[in-house]
Each structure stands twice: as C-alpha cells, then as structure tokens.
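Please examine the sequence together with the three-dimensional model shown here.

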Amino acid sequence: MDDNEIVDSSFTAIINAPIEKIDIPKWCFTLAEKDYQGCSPAHIAAGFTTAPDGKRMSINVEIIGGSLMVQHYVETLGEKDHLILESVSDVFTPTGRTTIHVRWELSVKAIDRERCEFTNRVRSRATPEFMEFLGRQGIPFDVFKAQRQPMSIYHNKSETPLFAASIERAALNS
C-alpha cells in the first residue's frame, strides 16, 4: 500500500458489443471533446497529442471537488482491450497550483460473444510537491484524503457507464 495514495476506485459497466470490435486506445486518442463532455458534467475539455518522448497523450480538463485539473495522460500500455495512462496532473485550487499523480486504467473482458465488461480504474497519489503544498497550509494528509475520496469515487462511478456507452458506440460504428 502506498502511504501517499489518495484514492483507488474501480467501477464496471456492460458494453453491448463483441470484444473484437473494441479498441480502447483508438477510442481514447480520437475521442471528440463533445463526447468527453457528455461523459460527465465535470468534464470541460479533451484533446490528444504526443509526449516529448513520442508516446501518445490524452489531455483532459475537468473539475473534481472544486479543483480544476489538467491531466496529461501518457500511454504506458496500449492494447485493444487494455489501456493504462499515467499523468502528473496539474491541480488548481483556491490556495494555489500543485500536482497529483493519476493512473487511469481502462479494460474490457468478454462476457459472451456480444457483450463485454468494461472496467474504469482510477488511482491517484500525492506527489512530493503536493505533500509540501498541504504542509504549507497545515493540512494533514489523512484529512485531505478523507475529504477527497468521496468526490473522486463518485466522479469515477458516474462516468464509468457513460464511458462504456461511448466505447460501445465507437465499436459498433467501426
């Protein structure tokens, strides 16, 4: 267990499409901003580019718990049925700017020939910069974590079925 872990949440939803039609990296790196916004009222903007090392990057802007986040998700694993993205995300709070490390993992597994189970897992942990940020304000990490977890978990829970529906539409339209 990571002592600096803020949250580890995972939710599933059904995708009514055969697994061979699903390509999560293709979906992620071509997701239209309007589709991203349709997956959560907290989603502001999305785009894609490449990281300095040439890896694919998804850039997402959203508000979680009243803080604006700019996430720079770099692909660390890209298989049709499994995508792992890592981001040192910028967090803009009323008391200043800092960073949080976020690992976003999306995967599907076949249930039968026509359906899959989609899993949306988000794990975040405090960066050293974030720990200093809390320290300067006299906020104990466990207090921050206790306040942040419900908001992050709710966000993931509510966006998971909408991501699944978006992936389903992409699979059936390919």
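The following paragraphs describe the strands, the helices and a few residues in turn.

The structure is a predicted model, in which local features need pLDDT of at least 70, side-chain atom pairs count only at pLDDT 80 or more, and totals for chains, interfaces and linings use all residues. Residues are numbered from 1 along each chain as its sequence is written, and side-chain values use heavy atoms, with hydrogens and water left out.

An open sheet is formed by 7 strands in the order 1-7-6-5-4-3-2, with antiparallel pairing. Strand 1 (5-15) and strand 2 (43-50) stand at the edges with a single partner strand each, so one side of each has no neighbour in the sheet. On average, neighbouring strands of this sheet are turned by 20° against each other, direction ignored. Strands here are DSSP runs of E with at least two residues, helices are runs of H or I with at least four, and both are numbered from the N terminus. Two strands pair if DSSP finds at least two bridges between them.

The pairings can be followed across the sheet. Strand 1 is joined to strand 7 by 10 bridges in the antiparallel sense, and isoleucine 14 has glutamate 117 in strand 7 as its bridge partner. Strand 7 is also paired with strand 6, antiparallel, over 11 bridges; valine 108 is there partnered with phenylalanine 118 in strand 7. A hairpin with 5 residues joins strand 6 to strand 7. Between strand 5 (residues 82-93) and strand 6 (residues 96-110) there are 12 bridges, and the two run antiparallel. Within this part of the sheet, serine 87 stands opposite valine 102 in strand 6.

Strand 4 and strand 5 are joined by 8 bridges and run antiparallel, forming a hairpin with 2 residues between them. Methionine 69 has valine 91 in strand 5 as its bridge partner. Strand 3 and strand 4 likewise pair antiparallel over 8 bridges. In their hairpin, which has 2 residues between the strands, glycine 65 takes a positive phi near 60°.

Helix 4 (residues 141-172) lies across strand 1, strand 2, strand 3 (56-64), strand 4 (67-79), strand 6 and strand 7, and runs at about 20° to strand 1. Such angles run from 0 to 180 degrees between N-to-C directions, with axes fitted to C-alpha atoms, for helices over the stretch in contact. Contact means heavy atoms within 4.5 Å.

Which aromatic residues form one cluster? Trp27, Tyr73, Trp104 and Phe163 do. Rings of Phe, Tyr and Trp (its six-membered ring) pair if their centres lie within 6.5 Å; planes under 30 degrees apart count as stacked, over 60 as edge-to-face and the rest as tilted. By this rule the count is 5 aromatic pairs. The ring centres of tyrosine 73 and tryptophan 104 are 5.0 Å apart and their planes stand at 50°, so this pair is tilted. It links distant parts of the chain, with tyrosine 73 in strand 4 and tryptophan 104 in strand 6, 31 residues apart. Tyrosine 73 counts as buried because its relative accessibility is 4%. Tryptophan 104 is buried too, with a relative accessible area of 4%. Buried means under 20% relative accessible area, exposed over 50% and partly exposed in between (1.4 Å probe, protein chains only).

Finally, glutamate 5 lies in strand 1.
Leaving aside its neighbours within four places in sequence, glutamate 5 is in contact with Ser124, Arg125, Phe141 and Lys145.
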